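Welcome to this short tour. Keep your viewer open and select along as we go.

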Amino acid sequence: MLQAALSLRLGGGGGGAGHEQAVELVEHALREYPAVGGARLAPAASAMYMTILNGLNRGGKGAAFDMLAEYLLKSGQLDTRTFGALVSAWLDAIGRRPGATCTDVQRTWDTLQSHAASMTPAYELNRNHYHSAIEAYVRLGDVAAAWNVIRTAMRDAGLAPDLDTFYTLASPLASNTALWAVGKSTVANFNTHYPDVVNAALADKTNTLVVKALLHQAIAKPERT
């Protein structure tokens, strides 16, 4: 019940009684499930903290999200499942946060990579985590940084781009008319390096209309008459 209440109150945003109750619920959770002394958090505590973080994200409380995430990294011993969820949630939060910058994404990414390397055993960031970084960069307008994740960071991690990688990069561009020209050049560039992935995207029947249009305008050859 406490977890459900946290999600509802934190996700509501705004102030007033709802905000006060959210603060009380968070304080209660911190008292009941402290992350101190490097002790491994119990599954119930991990779920509770992820509920709080997701609620803070939905409620637009970016500074509180960052503070709690940093507290968990520094004070608690997160299991791999919780840490993996935290990576995706934190990058997603920054990518959708008003006023966030690509520097914020890079700083958070560096922090998460450093923590992953310090875990015992070292935690390997997976494909979904790299996709979260790509999406955050694209949402904040830095396609070059997103492309660098694909061409450098993923390659160094032994991860080849797949169809999900392409959609993570292309979908936000296709959905924003102001970025249409950038989207066309990005898709064309992706096709130069990973034509098999783009061909798979062209054949994919589940594409949204905007992605399909971007694909065809960027690389499809006109039909002969």
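Which hand does the crossing of α8 and α10 have? The crossing of α8 and α10 is right-handed, in the sense that the near helix is turned clockwise from the far one by less than a right angle. Before you zoom in, note that this is a predicted model, where local features need pLDDT of at least 70 and side-chain atom pairs count only at pLDDT 80 or more, while totals for chains, interfaces and linings use all residues. Residues are numbered from 1 along each chain as its sequence is written, and side-chain values use heavy atoms, with hydrogens and water left out.

**The whole chain**

Start with a cartoon view: the protein chain has 12 helices and zero strands. Helices here are DSSP runs of H or I with at least four residues, strands are runs of E with at least two, and both are numbered from the N terminus. Of its 225 residues, 41% count as buried, meaning under 20% relative accessible area with a 1.4 Å probe, protein chains only.

**Stop one: α8 and α10**

Select residues 143-156 for α8 and 180-193 for α10; their axes come within 12 Å and cross at roughly 15 degrees. Axes are lines fitted to C-alpha atoms, for helices over the stretch in contact, with angles from 0 to 180 degrees between N-to-C directions. That angle makes α8 roughly parallel to α10, a label for angles under 35 degrees. Now show side chains: Val143, Trp147, Ile150 and Arg151 of α8 meet Val182, Thr186, Asn189, Phe190 and His193 of α10, where contact means heavy atoms within 4.5 Å.

**Stop two: α10 and α11**

The axes of α10 and α11 come within 5 Å and cross at roughly 120 degrees. From α10, Phe190, Asn191, Thr192 and His193 make the contact, with Pro195, Val197 and Val198 from α11.

**Stop three: α12**

Next, select residues 209-218, helix α12, and highlight its buried residues Val211, Leu214 and Leu215. Look down the axis of α12: these buried residues fall within an arc of 100 degrees, so they line one face of the helix. The arc is that of the directions from the helix axis to the C-beta atoms.

**Last stop: a cis bond**

Finally, select Thr120 and Pro121: the peptide bond between them is cis, with omega near -5 degrees. Pro121 sits in the loop between α6 (102-118) and α7 (127-139). Most peptide bonds are trans.

Definitions and conventions. Angles under 35 degrees count as roughly parallel, over 145 as roughly antiparallel, 65 to 115 as roughly perpendicular and the rest as oblique. Buried means under 20% relative accessible area, exposed over 50%, partly exposed in between (1.4 Å probe, protein chains only).
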